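This report describes one protein chain for a reader who is new to structures. Please look at the sequence and the model before reading on.

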Amino acid sequence: SAPMEMLDVCWMRKDPPFDDEYLFSSYILELADSCGDCWVINRPAGLRDANEKAFILHFPAVIPDTIVTHDADSILEFVASHDGRAVIKPLDGHGGAEVFLLSAEDLNLNAIIETVTRVGRRYVMVQQYLPQAAQGDKRILLVDGEPYGAILRVPKSGELRGNIHVGGRVVAAVIDQQDRAIIDAVRDRLSSSGLYFVGLDVIGGRLTEINVTSPTGIQEMSLLDGVDYSGRFICWQESYLSS
C-alpha cells in the first residue's frame with residue numbers, strides 16, 4: 001500500500017456486489033479525488049449514483065420497456081402486457097445471477113417472482129423480453145464517452161444468459177448506427193458523473209444495462225481485434241493528465 005498522493009491515478013475496479021466495504025472505500029477515495037491528491041477512475045460519487053440496472057431509466061428513448069418494483073401484481077401485469085414473456089433480475093445482481101425468463105405459461109411463475117423479490121422485500125428490474133437475445137448480448141466498451149470496440153456474448157444452447165461468467169461464447173462485433181444512437185444518448189450523463197470507463201449492454205438495438213464498477217470484455221476484445229486496448233486506456237489516462 002502507499003499514500004494516495006504518491007499515485008497519479010487510482011482505478012477503482014472491484015467486482016460486484018456493491019456492498020458496505022465498497023461504499024466505505026468510495027468515501028475514502030472520494031476525499032483523495034476531491035483534494036486533487038489522485039485521480040480516481042471511475043469517480044466514486046458517480047459509482048454510488050449509477051446502479052448498473054436502474055441507471056438505464058435515465059435514457060427511456062433507447063431502452064426496452066422496463067419497470068422497477070417489488071410488487072408481484074405489477075410484475076404479473078407487466079408480463080401479461082408483453083405477450084406473456086419478460087426478464088426479471090435483481091438490482092444488485094451480477095454475472096447473470098438470479099436472471100430469469102418469466103413466462104405466463106410457467107407454473108413456477110409466482111415462485112420465481114417470490115424468490116427474486118424475496119416475497120416483496122427486494123426491488124427488481126423487469127424488462128420486456130427481446131428475442132434477439134438468442135443471437136447475443138453486445139458489450140460496448142466506452143472510454144470518456146467514446147467507443148473502443150465491442151464483443152458479442154452468445155448464450156450457450158438452452159441458456160437465456162450470454163454472460164461470460166455462465167458460459168457465454170464471445171465473438172467479434174461491430175458498432176452500428178443503433179449503438180451509436182445509444183452512445184450519443186448516454187455520453188453527456190456519463191461525462192458529468194465522472195464515469196470514464198463503462199460497459200454498455202445492448203440487445204436488439206436497445207440498452208439493457210450500464211456497467212460501471214468492473215466492466216468486462218477488454219481482454220476478449222483485444223484478442224479478437226488484435227488491438228492492445230488496455231495499453232490504449234493507459235495512454236488515454238496519461239494524455240488526460242497532461243492536458
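The sections below go from the overall fold to the cores, the salt bridges and a surface patch.

## Basis of the report

The model is predicted, so local features need pLDDT of at least 70 and side-chain atom pairs count only at pLDDT 80 or more, while totals for chains, interfaces and linings use all residues. Residues are numbered from 1 along each chain as its sequence is written, and side-chain values use heavy atoms, with hydrogens and water left out.

## Overall form

The protein chain has 7 helices and 11 strands. Helices (H or I, at least four residues) and strands (E, at least two) are DSSP runs, numbered from the N terminus. The radius of gyration is 19 Å, close to the 18 Å that the globule rule gives for 243 residues, so the chain is as compact as a globular protein of that length. This radius is taken over C-alpha atoms, and the globule rule is 2.2 Å times the number of residues to the power 0.38. Along the principal axes, the C-alpha atoms fill a box of roughly 60 × 40 × 30 Å.

Of the 243 residues, 45% count as buried. Buried means under 20% relative accessible area, exposed over 50%, and partly exposed in between (1.4 Å probe, protein chains only). Among contacts (heavy atoms within 4.5 Å) with a separation of 6 or more, 65% are between residues 24 or more positions apart. The accessible surface is about 12300 Å², and 51% of it belongs to carbon and sulfur atoms. Accessible areas come from the Shrake-Rupley method with a 1.4 Å probe; for residues, only the protein chains shown count as cover.

## Nonpolar cores

In soluble globular proteins, nonpolar side chains tend to be buried together. A nonpolar core here is a set of buried Ala, Val, Leu, Ile, Met, Phe, Trp, Tyr and Cys residues joined through side-chain atoms within 4.5 Å. The largest has 31 residues, of which Leu200, Leu207 and Ile210 touch the most other members. Two or more residues of this core come from each of helix 1, strand 7 (137-143), helix 5 (177-192), strand 10 (197-203) and strand 11 (206-211). Helix 5 gives the most, with 4 residues.

Leaving aside neighbours within four places in sequence, Ile210 is in contact with residues including Phe55, Phe59, Val186, Leu190 and Leu200. Another core, of 13 residues, lies apart from the largest one; Tyr148, Tyr196, Phe197 and Phe233 are among its members.

## Salt bridges

The whole structure holds 12 salt bridges, each a side-chain nitrogen of Lys or Arg within 4 Å of a carboxyl oxygen of Asp or Glu. Glu209 pairs with Lys53 at 3.8 Å, N to O. Glu209 lies in strand 11 and Lys53 in the loop between helix 2 (44-49) and strand 3 (66-69), so the pair ties together parts that are 156 residues apart in sequence. Both Glu209 and Lys53 are buried.

Glu209 also forms a salt bridge with Lys89, at 3.2 Å between the closest N and O atoms. Lys89 lies in strand 4 (residues 85-90), so this pair ties together parts that are 120 residues apart in sequence. A further salt bridge joins Asp137 and Arg153 (2.9 Å, N to O), and both residues are buried. Salt bridges that share partners join Asp137, Arg139, Arg153 and Asp201 into one network.

## A surface patch

Which residues form a nonpolar patch on the surface? Phe24, Tyr27 and Ile28 do, with about 320 Å² of accessible area together. Patches are made of residues with over 30% relative accessible area and no salt bridge: like charges are joined within 9 Å, nonpolar side chains (Val, Leu, Ile, Met, Phe, Trp, Tyr) within 5 Å. Ile28 is in helix 1 (residues 20-34) and is exposed, with a relative accessible area of 57%.
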